[in-house]
Every structure is written in C-alpha cells, then in structure tokens.
2 protein chains.
Amino acid sequence: MEIKVLGSAAGGGFPQWNCGCPNCSAVRTGSFQGKARSQAQIAVRGDSSSWFLLGASPDLRLQIENTPELHPLPGVRQSPVAGVVLTSADLDHVLGLLLLREFQPIRVFAAESIIRILREDNSFMRMMNRVPTQVQWCPTPQRAAFELDGVGNTSSGILATQLPLGKRYPAYVSDERALQLLPEEASSGLLLEHRGKRLGYFPAVGQVDDELMKTLSKLDLLLFDGTFWDEEELSRVESSGPTAQHMGHIPVGGPQGSLERLTALDIRNKVFIHVNNTNPMLNEAGPEYRQIREAGWSVAEDGWQFTL
Amino acid sequence: MEIKVLGSAAGGGFPQWNCGCPNCSAVRTGSFQGKARSQAQIAVRGDSSSWFLLGASPDLRLQIENTPELHPLPGVRQSPVAGVVLTSADLDHVLGLLLLREFQPIRVFAAESIIRILREDNSFMRMMNRVPTQVQWCPTPQRAAFELDGVGNTSSGILATQLPLGKRYPAYVSDERALQLLPEEASSGLLLEHRGKRLGYFPAVGQVDDELMKTLSKLDLLLFDGTFWDEEELSRVESSGPTAQHMGHIPVGGPQGSLERLTALDIRNKVFIHVNNTNPMLNEAGPEYRQIREAGWSVAEDGWQFTL
C-alpha cells in the first residue's frame with residue numbers, strides 16, 4: 001500500500017487566512033523554523049494504479065497538482081483518482097468534493113448519515129450528479145470492512161473499516177436534521193488493511209478509550225490527531241476560544257494527552273497529522289517538537305509518503 | 001483605486017485537475033510557453049486600507065497567502081478583507097466564501113436571488129453566521145450604484161453597479177427554486193467607479209449588445225470574458241462538449257467574437273480574464289496570442305495589478 005500525505009494541517013491550513021498568531025506571522029515572514037502546511041488530505045493506492053482519497057480537503061485542487069502520481073493521462077477525465085472515503089461531514093473534510101466535479105466518474109464512500117447531509121441539505125452537491133457516469137454514492141457500514149474499489153474494475157485490494165469516534169455533527173447541521181441521523185456515524189477513524197499491513201487514519205479523536213487503544217496497538221502506521229498541544233491553546237490566542245475537548249480533539253501534550261497515552265503502544269510508525277496553526281509543535285526549534293521527536297513521533301509534512 | 005488579479009483562469013483553473021488536453025499536459029511538464037493560472041479572482045481597494053473581493057473563488061485560501069497586501073495584522077481576525085461582491089451563484093464564483101469562515105466580520109454584497117440560493121439551499125453556508133459579528137448579507141440592486149463599505153467604517157469610496165447579463169442560474173439550482181428567483185439577477189457584470197476612474201469586470205458575457213457596448217466604451221480598465229477562443233473549442237477536446245454560447249460565454253475569436261466587436265471601443269486598457277484551460281490564446285507561442293496582442297489586448301495573469 002502506498003500512502004501520500006497531500007496535506008497535514010488542521011482546518012484553515014497553516015498559515016490560516018485571517019490569523020496573525022505568532023506561528024502564522026512567523027511562517028509568512030520566513031522567520032519560522034518549520035513548514036507551511038495545507039489542510040489534511042491523504043491519498044492511498046493498493047493493487048491497481050487507481051488512488052483513493054481519505055477526505056476531500058478544500059485545498060485539493062492544488063494538492064493534486066503538487067502530486068504527479070495524481071495527474072491525469074492525456075485526454076479528458078483520465079484521472080487516476082477513483083474514489084473518496086469520508087469520515088465526517090466537516091467542511092474541511094468534504095468541501096474538496098466540489099472541486100472534483102468536472103464529470104469525473106468517482107465513488108464516494110461515506111456513512112449514510114453523512115451522505116444525507118451532503119446531498120439533501122446542499123444544492124451545491126447536485127453538481128456531482130449532472131450525468132449518470134459521475135459520482136456514485138456508496139453508503140458504508142461502521143465497524144465492518146468494505147473494499148476500496150473504483151468504477152470500472154479498479155479494485156485496490158484495500159479493506160477499509162470506519163470506526164465510530166464522535167457523536168457530534170458539524171455546527172452547520174440543523175437540530176432537526178441531526179435528529180434524523182445516527183449519532184455513531186458523525187465522526188469516524190479509518191482503518192485500512194492491505195496484504196497484512198495496517199494503516200490507521202485518526203485525524204479527529206475526542207478521547208482515547210481501551211477499545212481504541214486496542215485497535216491502535218496493531219498498526220504499521222498511525223496518522224493521529226495532532227490538532228492541539230493543550231486544552232487552552234486557542235483561548236491563549238483569543239480569549240473566547242473553545243477548549244480542545246470542546247472542538248473534539250484530545251491534546252497532544254500533558255498527562256492526559258495522546259503523547260503520554262499512546263507512546264507505549266506497539267506501533268511501527270507514529271505520526272501526528274491535522275495540526276492546527278496554533279500548535280507549538282509546528283516550531284521545530286521549540287521544546288514541544290523536541291519532546292514528540294524524543295518520544296518516537298513525527299509531525300506529518302505535505303508531500304510525505306509511506307509504503308507499507 | 002488599486003486592483004489586484006489574484007486569479008485569472010476560468011472554473012477549474014489551469015491546469016484542470018482531471019484534464020489532459022494539450023495545454024494542461026504541456027503546462028504540467030513545463031514545456032508550455034505560458035503560465036499556470038488559478039481561478040478568476042479580483043481584489044480592489046479604494047480610500048481605506050480595506051480590500052473588497054470580486055467573487056470568492058475556490059482557490060481563495062492560496063490566493064490570499066500569495067498576496068501580502070491581504071495578510072492579516074498580528075492578532076486574530078485582523079484581515080484587511082472587508083467585503084465580497086458576488087455577481088453569480090456559480091460554484092467557481094462563490095465557493096471561496098466557505099474558506100472565509102473563521103468568524104471574520106465581513107460583508108457579502110449580492111443580488112437577493114443569489115443570497116437566497118446560497119443561504120436557503122445550502123446548510124454549509126450556516127458556517128458563515130455562527131456568531132452575530134460574522135457575515136452581513138447585503139442585497140444589492142441591479143443597475144444602481146451602491147458603495148463598497150465594510151464593517152466598522154471601512155468606506156472605500158468605490159461605487160459599484162451590478163449590470164444584468166444573463167438569465168440562467170447554475171445547473172445546481174432546482175427548477176422549483178429558479179421559479180422563485182428574478183431572472184435578471186442570475187448573472188451580472190460589475191462596474192466600479194472611484195474618483196472618476198472606471199473599472200469593468202465582466203468575466204461571463206453571453207452576448208454583446210448595444211447597451212453593453214455603450215457601457216464598456218467609457219472604461220479605464222476592462223477585464224473581459226476570455227473563457228473560450230471559439231464556439232467549438234470544448235467539443236474538439238471532447239466530442240460531447242457544449243458550445244461556448246451554451247456555457248454563456250461569447251468566444252474571443254471569429255467574426256462575431258469579442259476581439260472583433262470590442263477592439264474599436266475607446267477603452268484605455270483591455271484585458272481578457274477567466275480563461276479556460278482549453279483556450280489556445282494561453283499559448284504565448286501561438287497565433288491566437290499574437291492576434292490579441294496585436295489588437296491591443298492582453299491576457300491577465302495571476303499577480304497582475306493595476307492602479308486607476
């Protein structure tokens with residue numbers, strides 16, 4: 001299985017358009033010891049030449065252009081992108097679908113509740129189904145494997161499993177709609193298995209329980225929620241900012257943080273991803289970055305790739 | 001008035017993600033004599049330090065980062081972007097709104113019909129109004145001037161006028177909804193006046209009539225629809241492609257094209273913008289590019305700026 005990190009930042013990217021926090025200001029002036037990052041986006045490939053996207057970020061157009069493997073062959077609609085797996089309805093995770101609308105035949109795998117939000121509550125999404133050979137919406141189960149296969153025999157041999165993690169739908173989903181949706185389909189982590197190798201993609205984890213610890217312990221590569229370093233990070237930049245927990249993210253640092261909880265697990269390669277612009281571990285000259293590196297973790301960068 | 005071209009291509013940009021036409025393939029390999037371009041986007045500034053966006057392209061996050069004048073001051077939500085003017089509900093023209101959602105106080109000027117499509121038919125847009133001090137939706141008249149002013153005394157001294165040009169709403173708008181909308185609000189050109197100087201922004205023009213000729217004849221700068229070179233351009237790349245007319249764009253070339261019709265007008269600076277990836281005038285080594293240059297026109301590039 002080939003895995004490409006097309007984007008590694010949390011929603012808004014790094015720097016974020018209207019943010020002048022110390023990290024964002026420094027990266028704009030070139031005085032930051034660390035890299036700019038686009039919004040979190042993964043692409044994976046198994047047995048076939050087709051690629052499957054994990055999420056569909058708002059930066060997807062540029063992310064595809066920056067990745068030669070995802071360029072189309074000569075002609076029209078000869079993109080190697082065959083499918084997209086969605087694990088939440090967050091805008092940072094789904095807006096990119098609307099950038100894939102040039103009549104491309106493509107499969108979108110997502111929980112039925114997420115498909116309903118996108119298709120029934122947003123007329124924009126009709127652009128994905130103007131012709132019969134365009135997007136196929138494929139409802140996925142929770143906790144049961146399905147194969148990533150695109151249109152026209154592009155079977156990847158990759159088995160994907162959605163693992164429910166959060167019960168809160170995005171703020172844009174109305175209360176009436178939310179009552180019609182399954183809470184366990186709101187936000188998932190993703191487990192991908194291919195020829196005995198296992199990748200975990202968990203960009204939004206509110207809490208780590210025993211079941212999750214067990215799931216993570218057998219991975220070859222873990223891409224884990226690195227959104228915030230601590231609970232109060234946003235409120236230090238802005239007094240009314242919400243806590244990490246309120247945003248649905250366990251912080252990296254501190255006694256209850258993911259670094260402390262997960263470092264002892266038997267995982268071959270541990271990588272933080274979905275890193276918010278305010279997170280001090282983006283600064284490679286700082287103590288937080290050193291701390292995660294010494295614990296055997298790394299911070300994903302745009303363009304990284306892995307082979308399992 | 002300062003004018004910045006943040007993006008100059010038609011929807012999808014150049015190259016386009018799933019297009020392997022000769023232009024797109026050549027620009028990807030670096031063998032094209034011409035430049036890549038992001039999707040059409042303009043920013044203007046008048047008397048104050050605030051900027052107003054004409055349209056909100058899907059590439060807006062990167063376009064803002066590429067433009068130091070649009071960077072925020074230290075702190076949060078100190079963006080100099082004070083407003084957005086929308087002239088259609090096309091996704092290429094409105095999706096960028098959803099990239100401006102980090103609680104920024106901002107004014108969106110658009111015809112009432114366009115505001116209805118965005119706000120009533122798309123739950124995503126609720127993200128623009130999570131707090132009271134976020135987006136202010138300002139319905140604009142047709143054919144009557146309104147001032148571009150942002151929240152908090154950021155009056156620009158720029159008078160804007162929406163000029164109705166097309167009666168067709170985007171394909172994603174349902175027939176039922178379209179019946180409730182005013183046809184003349186579907187698609188407009190934009191006239192901006194500041195201290196006696198006049199800018200025309202006309203990225204989607206289906207036909208040129210006498211009234212439009214009269215309007216254009218008094219401009220200091222015209223940014224005009226350069227989407228297609230000829231009627232059959234798309235169908236040559238792909239047999240079932242629609243004509244330029246069907247897409248709502250008058251072609252540049254040919255006896256009835258905009259180059260022939262508009263070149264004699266008394267306009268100080270004539271620039272084509274919103275150029276589709278298939279348009280041969282993108283190729284600076286080709287006869288079409290030479291033709292428009294010899295007629296006194298230019299083809300807008302990302303990063304260009306003008307002062308009127």
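Predicted model: local features only at pLDDT ≥ 70, side-chain atom pairs only at ≥ 80, totals over all residues.
Q: OK. So what covers the buried residues of H1 in chain A?
A: The cover includes strand E2 (19–20) of chain A and helix H2 (60–65) of chain B.

Q: And which residues of that helix are buried?
A: H1 of chain A runs over residues 22–29, and the buried ones are A:Asn23, A:Cys24, A:Ala26, A:Val27 and A:Arg28.

Q: What comes just after H1 in chain A?
A: A:Gly30, with a positive phi of about 80°.

Q: Switching to the pair of chains. How is chain B laid on chain A?
A: By a turn of 180° and a shift of 0.0 Å along the axis, which gives an RMSD of 0.0 Å. The two copies are therefore related as by a two-fold rotation axis.

Q: Which C-alpha of chain B is nearest the axis?
A: That of B:Asn122, at 2.0 Å from the axis.

Q: Do the copies meet through the same surface or a different one?
A: The same surface, because 100% of the interface residues of chain B are also interface residues in chain A.

Q: How many residues does the contact take from each chain?
A: It takes 57 residues from chain B and 58 residues from chain A.

Q: How much area do they bury between them?
A: About 4600 Å², with 58% of it on carbon and sulfur atoms.

Q: Which residues in chain B lose the most area to chain A?
A: B:Trp17, B:Arg61 and B:Phe124, which together make up 21% of what that side buries.

Q: Now the charged pairs. How many salt bridges are there between chain B and chain A?
A: The count is 6. In one salt bridge, the side chains of B:Arg101 and A:Asp92 meet at 2.2 Å, N to O.

Q: And how many residue pairs are in polar contact?
A: Between chain B and chain A there are 28, counting pairs with both residues at pLDDT 80 or more.

Q: Which elements of chain B give two or more residues to the side that touches chain A?
A: Strand E2 (19–20), H2, strand E5 (75–76) and helix H3 (91–94), all of chain B. H2 of chain B supplies the largest share, 4 residues. H2 of chain B is also part of what covers the buried residues of H1 in chain A.

Q: Last one: what does that side of chain B have by class?
A: The side of chain B that touches chain A has 28 nonpolar, 16 polar and 13 charged residues.

Notes:
Residues numbered from 1 in each chain as written. Chains lettered and ligands numbered in written order. Heavy atoms only, no water. Buried < 20%, exposed > 50% of the residue type's maximum accessible area, 1.4 Å probe, protein only. Contact = heavy atoms within 4.5 Å. Least-squares fit on C-alpha atoms with pLDDT ≥ 70 in both. Buried area = accessible area lost by both parts, 1.4 Å probe. Salt bridge = Lys/Arg side-chain N within 4 Å of Asp/Glu carboxyl O. Polar contact = N/O pair within 3.5 Å; in protein donor to acceptor, adjacent residues only side chain to side chain. Nonpolar A, V, L, I, M, F, W, Y, C, P; charged D, E, K, R; others polar.
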